[in-house]
Amino acid sequence: MTESAAVIGSDNTLDERLIACGVPPETIAEAYRSSFENGGGIVDFLVQKKALSERMLLQALSEELGMPLWQKLPVDHIDTGFTSHFSIQYLKKQKIVPIVNAPDGPVVAVNDPWNFQAVDDLCQALNLPERLVVLATHDEIIMAINLAYDLSRSTAKEFFDEISGESTDSLISEIEEKGDLLDETSDAPIIKLLNLLLSGAVKDRASDIHIEPYQGNVRVRYRIDGILYDILSLPRKIHSPLVSRVKVMASLNIAEKRLPQDGRIEIRIADRSVDIRVSTIPTSFGERVVLRLLDKTSSVLRLSDLGMDEKKVNQFNNLIKSPYGIILVTGPTGSGKTTTLYAALSTINSPEVNIITIEDPVEYQIEGIGQIQVNPKIDLTFAQGLRSIVRQDPDVILIGEVRDRETAEIAIQSSLTGHLVFSTLHTNDAASAVTRLIDMGIEPYLVTSSVIAIIAQRLVRVLCPKCKEAYTPDDESLVNLGLNPKTSREKVFYRKTGCAACMNTGYRGRTAIFEILILDDSIKRMILKTSDSNQIQDEAVRRGMATLLANGAEKVLEGTTTIEEVFRVTRILKREDDIE
């Protein structure tokens, strides 16, 4: 009999406690028998048999054995030193993790309290003579293990410097020798290099990875908070195996290098599930690859999280509860339009409302909403899909983008027949959306009859709270921002500096600025007279609309962002000598 089985089998009080929790006596006997014959743990057996929940079982063991049960492991500042002593596979198999820098001293978290040998081996290797053994759930232990090994990895740059220390030629030969790109568990340098690029992008909050070949090198860049940063410069010879590895992961044709290709990769890094959209295009020096990272574990934002003030949130809330009409969100690519629409849909999502979307691609899955993926290869376009959607008895329809006259006409017809329609449009401001629709061939009277509001938005970077500093801006900057220099002097303005927390950029995260154009009777009369966006915007401002620049000025006065950042996204240019 194994040591763990002997201990378990002799514990009658534990049996009584488990029976009191609802576990049948025959199941307990079967657990002992399985532990004796196979060497497995009683915890795994009872949880797999669904005799009772893991949390209830651990609570019973905690009370019986006097061993603390930790619902959450303190992993905020986990010490990763143990990762060099044990493989990640070993710790996951044993379901054990050390928390060396726990608040009250070293702790070893286990899922099976009778796994004595693994605890002793771990403590001996880490030189932990005195330690507290605590119980934790399987998910908590695996999350802590994943996090520790993710944090302990070197960066892609450090790894490349390490493996290319001798010479580039030796690196290439090593890649060619080990380069089985289909072997997921291979230690081939090119596979590890790509894994580090992906995990580094997730850690640095990057939204995109660019792999760009040039005549003498391959440049790798991350897009963080909307701005591209150089991360790594690789030798030209690395390009082909690196792109091939990406293609294998995305199930693309490795042999086809003359045509653009699109694919998708799903990966898991620590406790985060990441969906990656892959796009390749041929260039003069080889295929250029862009990987768009979508964190599937991040929740859909609420309206109040978007950056709107209370007045705009109330205004937007009233708009999205309209029984019919079109609400358009405009802005360039990457300005957060889809996020705003998802937040709106989440607000009105309920069992009484039938919501159907058609998107390219579906970026976030929302429970309770029917989402359709555009697929031009089988003639499933926005227009074609929209025709089918209206036969599904929807209350609310989301169209990923109005790209042509056909889609615009069907959207308008849908809104006129009692549907609330959300969509996006690529224009510079709210008023320009009217001009764009009319330019597509939509009659002005149809625009005024169907569109109830147009929202323009941009994303501005948020100042890093740890390193931002106060300063006094020059008068010209204040005037360009629409502020009076004399009355603004008592206000506190901040500028970026840079620290380790923000990767020396001075910014961490982004928020949105908005302008909301509501098509009231006055605006509608103006649209019927003219499609000039400047005149429409002037009329809207007279009726109280705050422009993107005005909303940006509010964010500056709040200390959220900088004057330069607002100028960058609203296309207001400063003199070169005024820019820091």
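A disulfide is here a pair of cysteine sulfur atoms within 2.5 Å. The model is a predicted one, and by this rule it has 0 disulfides. Take C464: its sulfur lies 3.8 Å from the closest cysteine sulfur, that of C499, which is too far for a bond. C464 is buried, at a relative accessible area of 1%. C123 is buried as well, with a relative accessible area of 4%.

The next subject is strand β14, which covers residues 420-425. How many of the residues of β14 are buried? The count is 6 of the 6, so the strand is largely enclosed by the rest of the structure. In a regular strand the side chains alternate between the two faces of the sheet. In β14, L420, F422 and T424 point one way, while V421, S423 and L425 point the other way. Both sets are buried.

Which strands pair with β14? One of them is β10, residues 325-330, which runs parallel to β14 and is joined to it by 6 bridges. Within β14, S423 has L328 opposite it. Another is β13, residues 396-399, whose pairing with β14 is also parallel and comprises 4 bridges. Here F422 of β14 is the bridge partner of L398.

Key. Residues numbered from 1 in each chain as written. Predicted model: local features only at pLDDT ≥ 70, side-chain atom pairs only at ≥ 80, totals over all residues. Heavy atoms only, no water. Buried < 20%, exposed > 50% of the residue type's maximum accessible area, 1.4 Å probe, protein only. Helix = DSSP H or I, 4+ residues; strand = E, 2+ residues; numbered from the N terminus. Pairing = 2+ DSSP bridges.
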